[in-house]
Structures are given as structure tokens and as C-alpha cells.
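Let's walk through this structure together, from its overall make-up down to single residues. Have the viewer open as you read.

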Amino acid sequence: MSGITLRDIRKSYPNGPEILHGVSMDIKPGEFIVIVGPSGCGKSTLLRLIAGLERCEQGDIEIGGKRANNLAPQNRDIAMIFQNYALYPHMTVRENIAFGLELRGMPKAERNARAESVAKTLQLDPYLDRKPGALSGGQRQRVAMGRAMARNTSIFLMDEPLSNLDNSLRVTMRTEIKELHRQLGATIVYVTHDQTEALSLADRIAVMKDGDLLQFDTPEAIYDRPNNRFVAGFLGVPPMNFLPVAQLPGWQGRQDLMVGLRPEAMSVHLDQPREAALPVRLVLSEMTGSDLILHCDSAAGRITLTSGRKDRPRDTSNFWVSYDLDQAVFFDNHSGTRVDLASAIGPSKRCAEFRNGSSRQ
Ligand code: ADP
């Protein structure tokens, strides 16, 4: 099994601006890494550099501990799975899965045996003699994965592999890919713009924006301790609320900070509670099934939170929202960087001292 090391990777396309501005990443053997970020931030370019489909002229790529900058794609111990599956329409499932093996000169009987064993793992064995046109989207996706698996490589690169599937199939395939990763133990680098896929699949998530790697950490760390406001807002549905700290009761001194509160860090009170709370007016409530998403207006701006259906405030009603400062994250107003208040003043003193503005640095 192989890991991948990227060191200060920069990339420009001919006559174009720089697309990647020095990306470094250490991917351990067997890790499931998801690269996530808005469209155009350079995710596919990074994946294509790892695959060897683009030349890496600045920076270093190591695969399995060896410098790979000058290795041809077929010598990189890598299989790539694309968004459009890249299946051959005139070939059967068996032939599609075995295709890469033929190129490598494996005898036909051995190729077919390998294809059949892979098809079994992916529950494609009933369809071995069908052509891709007679398969569902999810089955085609599995054939594409089967072709990658048949090659017995230890690294899989996947570029938005689920984006052509409808929503329910995407959820099913997500579970299958996760399960497959467990079975194979392979290293997977998976590109998506979908933050739900990132959170649910990854051992570690790499969040990119405009050609920079903003944070590379576990889903829990990225969700609970985002490095900056962009990362905080990009992951999580409904997204984190950002409020000027100075608008919170008792915090008027802190003009320099924003507070980030996830919807689940806030609670609804139909009557004014004893603890500090913001008076709000309900603008819209959305039913998600088990919960409600409440969109409210407050003096500090728009707030979105979730609540159980029993706590449901009446439409257009006024109520109060309290917040759990232990779950809050703070950001510098100008740079957007997270500010670690706890380490600056100690968690127990946090509320009292900051309310008085006495610990201002
Ligand atoms: P993402 O995968 O995050 O959507 P890409 O890596 O595909 O981003 O693209 C990053 C930037 O590089 C975009 O501005 C895109 O237009 C540009 N780009 C991608 N491929 C090429 C190419 N072959 N030639 C020139 N520019 C490209």
C-alpha cells in the first residue's frame, strides 16, 4: 500500500495564471482523503497532477516514498475513476472491467477470472454479459470502479464519481464506496464540491479555495475548529451562523470579532430565558422530517437554527434564541482567521471577562 506526499505544488496552464499556489499534503497509506472546495478552485488539477495526466513542473510528488514527477501515468500504481465513468459502450461489463488488464498483456483466461471476481465483490456478477447501455447509473459507476479495482493498484483517484447520479443513488453509492474502502484498504483521493460527501466519506478532508489548501484535518476537527470563516461556512448544513460579537448581550466591547455558531449550538425559547438570549422573529420554517429549520431575523442579523418539531414557534411569532458559547468559534473580523479565545483567557473566565471587555489584548 502506498501513501502520497505533495510538496509545494504549483501549477499554471500554458499562458494562464497560476492555478495552484503551493499545495502540500501528506497522505498516509490506506487513508481516505476528500479534496473539497468550490468549482474552479483547482481540485481536479491537483488530482490530475497526482495521476500524471498533467505535468508537475514546480514542487514534488512522491508516491510510495518515490519521486513520481517524471513517472508516466501507467507506472504510478494508480487507478483513476472519472465522473463520466469512461466505459466502452460496445464492450460487455466483463470486457470493460478486464480492459486495463488486456493492455498489460494478461492472458485472456486470467483476465476473465479477475473480472469475474471483482464483479462479485461489487455485486455485478449477474450483469457480466450486458453492455453499459443496459445498466443503471449506479451499476455503470460500479463497473468503472471494477475496472480500477481489477488492476490491483493501491491508490484510487476519484473525480466527482457520484455527481451524475440522482440523489438517492448517490447516498447508496456513498455507503458502497466507504464499505469498499474498508474491504480494499486502498488509499483513496476523492474530489468533490459536495460538503456532505466530504464529511461522510473522509478520514481527512482537504478544503481548498482559489488554489490554496486552507485546512487539512479530520471531519470532526474541520467541523468543530475550522481555521477560518470560509472553511466554517463551507462545511455544515444548514451553514454556521456568523454574528458580530458586539451584537450579543454584554459583548459590546468586541468590535473586532465575529462569532460562529452552528445551528445545533442554539436553542429556541418561547418565553424569555434567564441566560443571555437574542430576541428573534421567525421568517420561515422548513420541515426536514424529524426536525425544523428555522430562519429568523435578529438585531445581530439573520439566524438559522434547527429545532425539534415540538418546540415549533408559531409562524411570524417572536421568541428567544440562546447560544452555547462552549460550542462557539470566533473569527477576526478582518482576516477571517479563527481566534482561540479559550487559550487566550481560559474557558472558565471567558464569559465574564469578555463581557466586561477587560481581557482585550
Ligand atoms: P475544480 O476541479 O476545483 O473545479 P479545476 O482544477 O478543474 O477546478 O480548474 C481550476 C482552474 O484551472 C479553473 O480556472 C479552470 O478554468 C482552469 N483549467 C482547468 N483545466 C485547464 C486547462 N486544461 N487549460 C487551462 N485552464 C484550465
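Helices (H or I, at least four residues) and strands (E, at least two) are taken here as DSSP runs, numbered from the N terminus. On that count, the protein has 10 helices and 19 strands. What you are looking at is a predicted model, so local features need a pLDDT of at least 70 and side-chain atom pairs count only at pLDDT 80 or more, while totals for chains, interfaces and linings use all residues. Residues are numbered from 1 along each chain as its sequence is written, and side-chain values use heavy atoms, with hydrogens and water left out.

For a sense of scale, the C-alpha trace spans about 75 × 45 × 40 Å along its principal axes. Of the 361 residues in the protein, 50% are buried; buried means under 20% relative accessible area, exposed means over 50%, and partly exposed is in between (1.4 Å probe, protein chains only).

A polar backbone atom of Gly42 is 3.0 Å from an oxygen atom of the ligand. Lys43 brings a polar side-chain atom to 2.9 Å from a ligand oxygen, and Ser44 places one of its own polar side-chain atoms 2.8 Å from a ligand oxygen. Taken alone, the ligand exposes 560 Å², of which the protein buries 55%. Accessible areas come from the Shrake-Rupley method with a 1.4 Å probe, and for residues only the protein chains shown count as cover.

Next, turn to strand S7 (residues 155–159), where five of the five residues are buried. In a regular strand the side chains alternate between the two faces of the sheet. In S7 both faces are covered: Ile155, Leu157 and Asp159 are buried on one side, and Phe156 and Met158 on the other.

What are the neighbours of this strand? Two strands pair if DSSP finds at least two bridges between them. Strand S6 (residues 78–81) pairs with S7 in the parallel sense over four bridges, and Ala79 stands opposite Phe156. S7 also runs parallel to strand S8 (residues 187–192), joined by five bridges, with Asp159 opposite Val191. Together, S7, helix H5 (residues 167–184) and S8 make a right-handed β-α-β unit. Right-handed here says that, with the strands pointing away from the viewer, the path from the first strand over the helix to the second runs clockwise.

Elsewhere, an open sheet of four strands has the order S2-S1-S4-S5, with antiparallel pairing. Its edge strands, S2 (18–27) and S5 (66–67), each pair on one side only. Strand S1 (residues 4–12) and S2 are antiparallel partners over seven bridges, and Thr5 has Asp26 as its bridge partner in S2.

Finally, visit some backbone details. The peptide bond from Val237 to Pro238 is cis, with omega near -10 degrees; Pro238 lies in the loop between helix H8 (229–234) and strand S11 (241–244). Gln123 is not a glycine, yet has a positive phi of about 55 degrees. Gln123 sits in the loop between helix H3 (108–121) and helix H4 (137–150) and counts as exposed, at 55% relative accessibility. Asp210 also has a positive phi, near 45 degrees. Asp210 is found in the loop between strand S9 (204–209) and strand S10 (212–217), and its 51% relative accessibility makes it exposed.

Terms used:
A polar contact is a pair of N or O atoms within 3.5 Å; within protein, one must be able to donate a hydrogen and the other to accept it, and residues adjacent in sequence count only if both atoms are side-chain atoms.
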